[in-house]
Amino acid sequence: MRPLLRFENVTLRRGGRLLFEGLDLKLGPGEALHLTGRNGSGKSSLIRLAAGLLRAEVGQVERTKLALADDHLALDRELPLRRALRFWADGVDKAMEGMGLTPLADVPVRLLSAGQAKRATLARVVASGAHLWLLDEPLNGLDSDGVERLNTIIARHRASGGAVLAASHAPIGGEWARLELGQ
Amino acid sequence: MIRALIARDVRRAIGGAAWLPVGFFLLVATLVPFAVGPDAVLLARIGGGALWIAALTAALLPIERLIEPDMAEGVLDQFALHGLAEESVAAAKITAHWLTFAPLLLLAAVPGSALLGLNSHSLSRSLIALAVGTPGLAALAVAVAALTAGLPRAGALAGILLLPLAVPLLIFGAAASGDGGSSALLLEGAISLALTAGAPFIAGAAIRASRT
């Protein structure tokens, strides 16, 4: 089966610092990989490399259609949440429901709390319909209900043949392969 | 997605301070007669050039809002993930910037030209010259906005970068507004076209370089 994400002998250097070298990685349907490592070990850079927002110094990265949730909200702050999400994808109602955002549908994005904004970025990923999800610190700012909802939507996504690559200092629910960077 | 991006940028500009460049344009046109005196002949002679200086500074005003907020918010990254080339994003932003400042500027040129004592013939020439030159100004503004996005004191830096680059457009635009005739208008059109064609590539490269 064709992997949704594949790194082949990838080396990445940022600001003159070698983050990783000769990295091979493969993520197939239903699989999930949890990136760990100390601050500055290259977790976010690996996520951005997987997204195609950075280029590897050496090696090849192959990817399928993907969605990224990182620290950036990427939503129009002046619009109500549902309308702001609709800029990026159709069928956002189900994604909003999954992240518990339905009551906030008509609230302007600028009024969301940090935790609600994090849920909104995750809802954007869910609504995207992409097979590969890249999540950079997805638990940041989430309360226990948010964490539970995230675990549920990740499990559902994997069950439907999707894959997840997540960088997080905290453990994420479910079975994950683990890759520690900066060793 | 491109149409949605243009509509979004236009909506944000109109909901924000789209009137500001036009207000600034009219302010400059109002101040010129105070500065040079009530000599109608002199005002009519320099009127076209004054309108162009006002247009240039008005195009510069929103420069910090053209690229930087979308870069900081991760919106440009999301466009890339949706398969939109940075050059396409830049072209869309040029279109949106032009739509939000140029038509209003052309409208404001009517009272502006009255303040400067331009006759109807000079006004029509100025309107044509502004219509031909403003796409180049919008393109230049977006390219410079992309080059300076995220840098400290980006607004001041953008002004220092943009104003010299706009000089050829200013020279031929002002000439086409005055007695320069059709050759000045053709040269202005050529410069405007070159800027409009080249700016998306410069802005696209700048957006990509900001990610490294």
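Helices here are DSSP runs of H or I with at least four residues, strands are DSSP runs of E with at least two, and both are numbered from the N terminus. With that in hand, take Gly48(B) as a way in: Gly48(B) sits in helix H3 (residues 40–60) of chain B. Before going further, some bookkeeping: residues count from 1 along each chain as its sequence is written, and chains are lettered from A and ligands numbered from 1 in the order in which they are written. This is a predicted model, where local features need pLDDT of at least 70 and side-chain atom pairs count only at pLDDT 80 or more, while totals for chains, interfaces and linings use all residues.

Chain B averages a pLDDT of 86, with 98% of the residues at 70 or higher; pLDDT is the predictor's confidence in each residue, from 0 to 100.

Back to Gly48(B). Gly48(B) counts as buried because it has 25 C-beta neighbours inside 10 Å. The cut-offs: a residue is buried if 20 or more other C-beta atoms lie within 10 Å of its own, exposed if 12 or fewer, and partly exposed in between, with C-beta atoms placed from the backbone. Leaving out residues up to four places away in sequence, Gly48(B) touches Ser122(B), Ser126(B), Ala174(B), Ser177(B) and Gly178(B); contact means that the two C-beta atoms, placed from the backbone, lie within 7 Å. Ser120(B) is 72 residues from Gly48(B) in sequence, and their C-alpha atoms are 12 Å apart.

Now zoom out to the whole of chain B. Chain B has ten helices and zero strands. Its radius of gyration is 17 Å, close to the 17 Å that the globule rule gives for 212 residues, so chain B is as compact as a globular protein of that length. The radius is taken over C-alpha atoms, and the rule is 2.2 Å times the number of residues to the power 0.38. Along the principal axes, the C-alpha atoms of chain B fill a box of roughly 55 × 30 × 30 Å. Of the 212 residues in chain B, 48% are buried. As for contacts in chain B with a separation of 6 or more, 82% link residues 24 or more positions apart.

What about the core? The largest nonpolar core has 125 residues, and Ala123(A), Ala55(B), Ala141(B), Val142(B) and Ala146(B) have the most contacts inside it. Such a core is a set of buried Ala, Val, Leu, Ile, Met, Phe, Trp, Tyr and Cys residues joined through C-beta atoms within 7 Å. Helix H7 (residues 120–148) of chain B gives the most to this core, with 15 residues. Beyond its neighbours within four places in sequence, Ala146(B) is in contact with Ile67(B), Ala90(B), Ala203(B), Ala206(B) and Ile207(B).

Over in chain A, the domain assignment gives domain 1 (5–65) and domain 2 (68–175); such bounds come from an automatic or database assignment. The centres of these two domains, taken over C-alpha atoms, are 22 Å apart. Where they meet, 18 residues of domain 1 are in contact with 19 residues of domain 2. H1(A) gives the most to the domain 1 side, with five residues.

Finally, the contact between the chains takes 15 residues from chain A and eleven residues from chain B. Strand E5 (residues 66–69) of chain A gives the most to the chain A side, with three residues.
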